[in-house]
Structures are given as structure tokens and as C-alpha cells.
Amino acid sequence: MRNTGVAAVLGALSLLSVAACGGAADSPSGGSAGGDTFTFAISSDPGVLDPAMGVLSVTNTVLSLAYDTLARIGPDGKIIPGLAEKWDVKPDSVTFTLRKDVTCSDGSKLTPTDVAANVNHIADPASKSPIYGVLVPTGMKAEADDAAGTVTLSTPKPFSFILQSTPLVFIVCGKGVEDRSVLARGTSGSGPYTLTEAVPSDHYTFQIRKDYTWGPGGATTKEPGLPAKVVLKVVPNEQTAANLLISGDLNGAVVYGPDRARLEASPGMGKTVQASGNGQFFYHQGDDRPAKDPAVRKALTQAINLKELAGIASTGTGRPATGLVLEPRPCQGDTVTGHVPAFDAAAAGAALDAAGWKAGADGIRAKDGRKLELRLLYATTRGPGVLAAAEYLAAAWKKAGVDVKLNGVIDTKLSESLNATQDWDVVWLPIGVTLPTQLVGFLSGPAASKGANFSHLANARYEELVAEAQLKPAEEGCALWLESESALFENADLVPVVETTVLTAAKNAKFDMMAGLFIPTSIRMTEAG
């Protein structure tokens with residue numbers, strides 16, 4: 001699968017948290033208050049706000065207030081209307097009939113031409129969009145018929161989940177279609193809120209659109225309790241976010257780490273536990289890396305007690321990983337059990353010996369005068385469990401004779417290291433996707449920095465299975481999709497560790513999130529308890 005060059009691939013594969021992990025965070029305190037400001041903590045700055053470049057979860061959380069999509073994911077995982085009121089699906093195309101009442105934040109009418117321009121921009125190699133080949137299938141083209149009010153998305157060959165790939169593609173309209181430079185620190189969408197102030201690394205303020213009437217299920221912005229203003233405040237420290245929630249200075253936040261316990265025990269705190277993606281690590285398989293050798297990857301995997309690691313990484317709040325796609329999955333099945341090299345420290349050492357990596361006087365293995373060194377990259381914004389997991393990995397590999405260098409960075413630096421500098425050998429990278437097709441550009445095809453394949457994977461069995469699966473209608477290809485995941489694990493290309501969960505907490509407010517994104521018309525201010 002082709003994917004254009006990427007300056008920052010973190011997208012659906014990691015913090016984008018594309019998983020349909022819906023649910024409401026409800027404050028148990030009183031009734032509707034309305035007209036207030038809803039303040040929500042985000043863990044880092046979202047960076048550039050152009051939806052075509054939106055690969056960080058925090059970026060897409062921000063964008064979800066201002067943009068709509070052609071279709072939406074319903075609470076039960078089914079596809080429901082969005083900007084399109086209906087659609088006609090064929091194996092290699094889907095034709096959407098747009099609603100006629102949708103306007104952009106600048107007052108202009110949304111047209112099929114606008115929608116087509118979004119898809120074709122993402123698919124244009126010159127745009128270098130990291131969501132091409134991930135959220136927008138490779139080779140997809142869009143054709144508009146403004147007279148008929150339709151837009152048709154087509155692929156060169158039949159494509160599994162062609163309809164299901166659309167609910168995560170934000171549609172730019174109005175001035176942003178002609179001049180995408182305005183999207184760097186602004187919004188130009190049909191969503192219920194418009195960005196009015198952007199102070200990088202501090203806060204982002206959105207104002208309600210009073211003319212919005214096309215929300216899910218007919219929701220409008222005239223409903224009681226919907227806040228007139230939404231402020232997304234950058235709060236990198238979870239303890240600080242928890243303190244602000246308890247004091248009432250925040251209305252909502254997502255918490256990964258130990259502060260969950262005191263939030264759950266806090267009076268008047270609404271709380272929902274949601275799946276947030278899978279915790280796993282990838283090996284860099286570039287030509288000059290020790291993990292290019294599958295024997296080394298498998299030995300390194302055998303050196304890790306994955307059950308212990310899962311408990312550490314999730315601070316005891318995780319679930320066993322059973323695949324790369326989160327619920328509600330289109331393809332049900334356990335692709336993990338029996339397919340990951342089992343923990344066996346002695347076998348790991350013997351395998352490294354056999355691969356030519358011999359222990360020196362200092363205990364560190366070497367081959368042809370080169371020490372066995374691994375640079376372990378991880379994000380510091382995912383809670384203390386991830387830091388502890390990185391330290392656990394380093395300690396276990398040190399016992400096996402590996403010199404491990406830990407490199408914890410913020411999200412944007414993680415993305416830069418993954419793709420631009422490629423300064424890593426192992427990366428802890430959470431996955432949260434709803435469709436197996438969203439992984440293909442990351443797990444095969446051109447390697448970074450020419451493509452999204454940041455770890456330089458070249459698993460022939462995976463590629464063969466995927467190529468066959470993509471030509472079949474969604475359900476018919478499921479057995480192949482499941483087998484393709486197992487092929488990755490058997491080859492130790494990536495190692496699934498745990499399905500992580502997060503606590504979404506609310507104070508004096510209630511709101512729904514789906515796929516890590518706001519359902520903006522669900523936000524309600526409630527009376528302080």
C-alpha cells in the first residue's frame with residue numbers, strides 16, 4: 001500500500017485513538033445550567049490544525065468541535081448519517097447524497113465540490129497528507145455532482161470497508177478549501193463550534209454557532225444546557241488536571257494513570273472507563289538496525305514477561321490484548337493468543353548467541369565489533385505506566401545483554417523521531433483503530449520518510465493476506481484480516497502487550513466522546529453539586 005511522505009506519522013496508529021470507544025461522562029450533579037463555558041484538559045498542544053495533517057489524537061480531539069464528517073459511527077458501531085443523508089455502496093465506490101441545509105462557519109453553503117476537494121487534496125502526493133492510505137484509502141478519487149447534490153468516492157479496485165472509512169475524515173468547507181493556510185491556527189468547517197482564539201501550549205477557545213441544525217439525530221445548538229463557549233486547556237500533567245477537576249476549574253479530562261483512583265472517589269465526579277488503544281512496541285527494521293534480523297526480534301520478545309509488562313504499562317487497569325482493532329470490531333476474533341513468542345529468558349539468550357551476538361566482559365552483547373544497543377522511544381504524556389513499562393523493558397533487555405537507552409519525549413517530538421530523524425530502535429506506540437484497513441499504510445509499503453511505514457516493515461505474508469482481503473466485501477474478508485494480524489505477531493514485527501483503558505471524568509458537566517472525539521452537541525453544563 002502506498003502512503004505519501006509523512007513528516008509526522010502518529011495518526012491512526014497511535015494517539016489518534018480512532019477506536020470507537022464511545023460513552024458518556026456524566027456529572028451526577030443537578031440539571032441543565034446552560035450558557036456557560038465548558039473547559040476540558042488536553043495533554044499537549046495540537047500543533048497544525050489542518051484536518052488533512054491531523055494525526056495526533058489531541059489534534060483530532062480539537063478538530064472534532066469544528067468539523068463534521070460524511071457519516072458517523074453510532075453508539076452500536078453502525079454507520080449513521082452525517083453530512084450525507086443517504087448513500088449507495090458498491091464494491092469499489094460509495095455515492096453520498098448530501099444534506100441541503102449545511103453551511104460552513106463563514107456562512108457559505110457546503111457543496112459536493114467542497115467534499116470532493118477534501119478527498120482529492122488528501123490523495124494528492126503534493127499535500128503529503130499522513131492520513132492518505134490510512135483514513136482515505138490509497139487510490140481513492142472523488143467526483144462531485146453539485147446539481148444532483150452527490151459526491152462519489154471510488155477506488156481503483158474493490159475496497160473493504162469503503163463506507164466505514166469515511167466517519168473519521170473531517171470535511172473542510174468555505175474559505176479553507178481555497179486557502180488551506182488559514183487552517184494552521186484556525187478552523188473552516190461545518191461543525192457546531194468555531195475556533196476564535198488559539199494560544200499554542202496554553203488554550204484553544206471555541207464559540208458556538210447558533211445556526212447549527214444538522215447534528216446527530218437532528219441535534220441543534222439551540223438545545224438547553226449546551227455551552228456557548230468551549231475552552232480546551234493544555235494541561236500536560238495528569239496530577240494537575242485531576243486537581244483542577246476536583247476543584248471545579250475543569251469540567252472534563254481523560255486520565256491514564258494513578259490519579260484515576262482519587263477522581264473515581266471524588267464526590268460529584270462523573271466517570272466513564274473507556275478503551276483507549278492498545279499498548280505495544282515496534283522494532284525498527286531498517287537496514288542498519290539489529291532488529292532487522294527476525295531472530296533478534298523474536299529473542300528480544302522472548303526476554304519479556306508480557307503479562308507482567310501489561311500490568312505495569314496499564315497500572316493494573318488494562319485488559320488482555322486480542323488484536324489491533326478495537327471494539328466494536330468489524331472482524332471478531334483473537335489474533336494474539338498463541339501467535340506471540342512466549343516468555344523464555346534462557347531461550348532468548350541462546351537465540352541471541354546463535355544470531356552471533358555474544359556477551360562481552362561487561363555483559364553487553366556484541367557482533368562484529370558492534371554492541372547490541374537499542375534506543376527505546378516512548379511518549380511522556382501517556383501516564384506513569386508507560387514510563388514504568390519503558391524502564392521494565394530496559395531492565396529485562398539488560399539482563400539479556402542489551403544496552404538500552406531510554407528516550408521519553410512529548411507527542412510532537414515522538415512523531416518527529418519516528419519519521420524525520422528515525423532516531424529509535426524500539427518504540428512504545430499505542431494503536432487505536434476501528435478498521436484493519438487503517439493500519440495497512442503503517443505496516444507495509446514505502447518506509448519513512450517516503451511513506452508512513454515508520455518501522456520499515458516488510459512482512460510478505462501480511463502483505464499477501466491484506467492484498468486479498470481488500471478485494472472482498474467487509475465481512476467476507478474477515479478471516480484474511482485476522483490472519484494478517486497474526487502474521488505480524490508471529491514474525492515479532494510488533495508485540496501486543498495490553499488493551500489500555502482510560503478514565504474520562506466530568507465535573508459540573510456531561511458529554512459524549514466517540515473514537516476519542518467529542519460529540520459536541522452532547523455537551524451539557526450542569527448545576528454545581
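## The disulfide of Cys 104 and Cys 173

Cys 173 is buried, its relative accessible area being 0%. In this predicted model, Cys 173 is joined to Cys 104 by a disulfide, with an S to S distance of 2.2 Å. The two cysteines are placed in two separate loops: Cys 104 lies between β6 (93-98) and α2 (112-123), and Cys 173 between β8 (150-154) and α3 (175-178), so the pair ties together parts that are 69 residues apart in sequence.

The link of Cys 104 and Cys 173 is right-handed, with 90° about the S-S bond. Cys 104 is buried as well, at a relative accessible area of 1%; this value counts as buried because the limit is under 20%.

## The disulfide of Cys 331 and Cys 478

The structure holds two disulfides. A disulfide is a covalent bond between the sulfur atoms of two cysteines. Cys 331 and Cys 478 are also joined in this way, with an S to S distance of 2.1 Å. Cys 331 belongs to the loop between α7 (306-313) and α8 (345-354), whereas Cys 478 is part of helix α13 (residues 478-490); the pair therefore ties together parts that are 147 residues apart in sequence.

The torsion about the S-S bond of Cys 331 and Cys 478 is about -75°, and the disulfide is therefore left-handed. Both Cys 331 and Cys 478 are buried. When the bonded cysteines are counted along the chain, the disulfides follow the pattern 1-2, 3-4.

## Packing of helices α7 and α9

Two packed helices are described by the angle between their axes and the distance between the axes. For α7 and helix α9 (residues 384-399), the axes come within 7 Å and cross at roughly 150°. That angle makes α7 roughly antiparallel to α9, because angles over 145 degrees count as roughly antiparallel.

On the side of α7, the contact is made by Glu 308, Leu 309, Ile 312 and Ala 313. On the side of α9, it is made by Gly 385, Val 386, Ala 388, Ala 389, Tyr 392 and Leu 393. The residues of this contact of α7 with α9 divide into eight nonpolar, one polar and one charged.

Thr 97 is placed in strand β6. Thr 97 is buried, with a relative accessible area of 15%. Residues up to four places away in sequence left aside, Thr 97 touches Ala 84, Glu 85, Lys 86, Gly 149 and Thr 150.

Lys 175 lies in helix α3. At a relative accessible area of 49%, Lys 175 is partly exposed, because the exposed class begins over 50%. Apart from its neighbours within four places in sequence, Lys 175 is in contact with Asp 106, Val 182 and Ser 188. The C-alpha atoms of Lys 175 and Ser 44 are separated by 27 Å, these residues being 131 residues apart along the chain.

Most residues other than glycine have a negative phi, and most peptide bonds are trans. Gln 422, although not a glycine, has a positive phi of about 55°. Gln 422 is found in the loop between α10 (411-421) and β19 (426-428). With a relative accessible area of 9%, Gln 422 is buried.

Asn 508, also not a glycine, has a positive phi of about 60°. Its place is in the loop between β20 (494-507) and β21 (509-514). Asn 508 counts as buried, at 13% relative accessibility.

## Confidence of the model

The pLDDT of the chain averages 89, and 93% of the residues score at least 70. Over residues 1-23 the pLDDT is below 50; beyond near neighbours in sequence, this stretch has 129 contacts in the model. Residues 28-34 likewise have a pLDDT below 50, and this stretch has 22 contacts in the model beyond near neighbours in sequence.

Methods: Residues are numbered from 1 along each chain as its sequence is written. This is a predicted model: local features need pLDDT of at least 70, side-chain atom pairs count only at pLDDT 80 or more; totals for chains, interfaces and linings use all residues. Side-chain values use heavy atoms; hydrogens and water are left out. A disulfide is a pair of cysteine sulfur atoms within 2.5 Å. Helices (H or I, at least four residues) and strands (E, at least two) are DSSP runs, numbered from the N terminus. Buried means under 20% relative accessible area, exposed over 50%, partly exposed in between (1.4 Å probe, protein chains only). Axes are lines fitted to C-alpha atoms, for helices over the stretch in contact, and angles run from 0 to 180 degrees between N-to-C directions. Angles under 35 degrees count as roughly parallel, over 145 as roughly antiparallel, 65 to 115 as roughly perpendicular and the rest as oblique. Contact means heavy atoms within 4.5 Å. Ala, Val, Leu, Ile, Met, Phe, Trp, Tyr, Cys and Pro count as nonpolar, Asp, Glu, Lys and Arg as charged, and the others, Gly among them, as polar. pLDDT is the predictor's confidence in each residue, from 0 to 100.
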